[in-house]
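Open the model in your viewer and switch to a cartoon view.

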Amino acid sequence: MTRVILKPHKARPFYARHPWVLDSAIERIEGDAIDGGVVDLISEKGKFVARGLLNSQSRIRVRLYTWDAAESLDDSFWRRQLEKAVQFRRQLGYDDPRGAARLVFSEGDGLSGLIVDRYADYLAVQANALAMGVRLPLIVSSLVELCGARGVVLRTERGINRAEGLELRDGHYCGQTPDGPLEIVENGLRYSVDPAEGQKTGFYLDQRENRKIAAGYLRERRVLDMFCYSGGFSLAASVLGGAKEIVAVDSSAKALALAEANAQLNRATNIRFQCGDGFETLESLAAAGERFDAVILDPPKFARSRRAVQEALQAYHWLNRLALAVLEPGGILVTCSCSGLVTREDFLYMLVGMARQTRRDIQILDTRGASPDHPVMCSCPESEYLKCFICRVL
Ligand code: SAH
């Protein structure tokens, strides 16, 4: 067995079950260093810490998958882990055959570097680690067996091939390709999804519960849904929430086309779609004297590196401030951040600062995260990324 020996005093996070061993923690490697191969992580004193998979081309040199010296990382291990993850979604009741769910959420499921989403009978698989990439045949065949999927598409995250030394291509992987757009049901609503071409793997599954809960605050309200993508929040607001009317904005014409088709699918006739930049649209709405009884802000990730956090916080601040400018007193603000590097506390203090500067009372009614099919693993705080605060602004 290849052994990765840690530097002195570097073992603590790994005893605490953090799964990422960076180069800076490693003293030396003993034995064959094969990328994607199994290695034991050993403390400076020669004690077994954990077992994982090596990748000399990645910043994350070793990803850890078991802390039990007796457990080997063989085919049956991966099958068992996948089965546990899929089984848990069944327990959650996320198993409507027409529905969608994240079946595997990387570190959140103890499967660092692997994401699997189910859209009805089809799977979208994302290997974000070389170790998962080289195991795709096994992973995919196990998944197909576990959930009887008809077809599988592969998606890759931007930049991941370079970061991990992978050579994966987006597109059809095995089985059938859906003939025409794929349809899923979420919270009783129908959405058309394109797992091969859409953003992320086709749909923002992490907002499932937030869409339903937010809708409950929107009865009879005039709603602005900023960064609407395929209409997730808008449709929930219209059909589940009984909102009066909705203006939905996104900068992607492709997303808006999907959103309009989804509105038609659900016979939601009170949503007006508008293409434009989120910041600029808010500015011109405010300048035109438009007012709303609720604003939903679900922007894309603002911080991609630690250095960008401060700038991201300023962008959140500015965006939320613009939203407040068009929000009637007593209005509802649903404000989200999917930047993992911006902490929940940072986000809260962004709101605190905004209340101070605008001299408006902001009451937080509910603080939420991603749906439970995106579990946050305590030993890997990086697995928490989505913040969704539902507020009332006086
Ligand atoms: N609320 C959506 C998900 C939003 S994802 C849902 O429930 O499904 C973020 C969206 O912001 C994407 O659709 C993307 O096209 C859009 N976007 C990115 N940059 C933007 C910008 N500057 N202005 C407006 N929309 C933008």
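A disulfide is a covalent bond between the sulfur atoms of two cysteines. Here, a pair of cysteine sulfur atoms must lie within 2.5 Å to count as one. Keep in mind that this model is predicted.

**Stop 1: the cysteines**

How many disulfides does the structure hold? The count is zero. Select C275 and C228. C275 is in no disulfide, and the nearest cysteine sulfur, on C228, is 9.2 Å away. Now select C338 and C336. C338 is in no disulfide either. Its nearest cysteine sulfur belongs to C336, at 8.5 Å.

**Stop 2: the sheet**

Strands of a sheet pair through backbone hydrogen bonds, either parallel or antiparallel. Select β7 to β11. These five strands form an open sheet, ordered β7-β8-β9-β10-β11, with mixed pairing. Which strands stand at the edges? They are β7 (100-105) and β11 (171-175). Each has a single partner strand, so one side of each lacks a neighbour in the sheet. From one strand to the next, the twist averages 20°.

Zoom in on residues 114-119 and 122-127. These are β8 and β9, which run antiparallel and are joined by six bridges. Pick D117: its bridge partner in β9 is A124.

**Stop 3**

Select residues 75-92. This is helix α2, which lies across β7 and β8. Its direction is at about 145° to β7.

Two packed helices are described by the angle between their axes and the distance between the axes.

Show side chains at the contact. From α2, select D75, W78, R79, L82, E83, V86 and R90. From α4, select L138, I139, S142, L143 and L146. By class, the residues of this contact are seven nonpolar, one polar and four charged.

**Stop 4: helices α9 and α10**

Move to residues 278-287 (α9) and 309-325 (α10). Their axes come within 9 Å and cross at roughly 30°. Angles under 35 degrees count as roughly parallel, so α9 is roughly parallel to α10. The crossing of α9 and α10 is left-handed.

What makes the contact? On α9, select F279, L282, E283 and A286. On α10, select A315, W318, L319, L322, A323 and A325. Colour this contact by class: it has nine nonpolar residues, no polar ones and one charged.

Methods: Residues are numbered from 1 along each chain as its sequence is written. This is a predicted model: local features need pLDDT of at least 70, side-chain atom pairs count only at pLDDT 80 or more; totals for chains, interfaces and linings use all residues. Side-chain values use heavy atoms; hydrogens and water are left out. Two strands pair if DSSP finds at least two bridges between them. Helices (H or I, at least four residues) and strands (E, at least two) are DSSP runs, numbered from the N terminus. Axes are lines fitted to C-alpha atoms, for helices over the stretch in contact, and angles run from 0 to 180 degrees between N-to-C directions. Contact means heavy atoms within 4.5 Å. Ala, Val, Leu, Ile, Met, Phe, Trp, Tyr, Cys and Pro count as nonpolar, Asp, Glu, Lys and Arg as charged, and the others, Gly among them, as polar. Angles under 35 degrees count as roughly parallel, over 145 as roughly antiparallel, 65 to 115 as roughly perpendicular and the rest as oblique. A crossing is left-handed if the near helix is turned anticlockwise from the far one by less than a right angle, and right-handed if clockwise.
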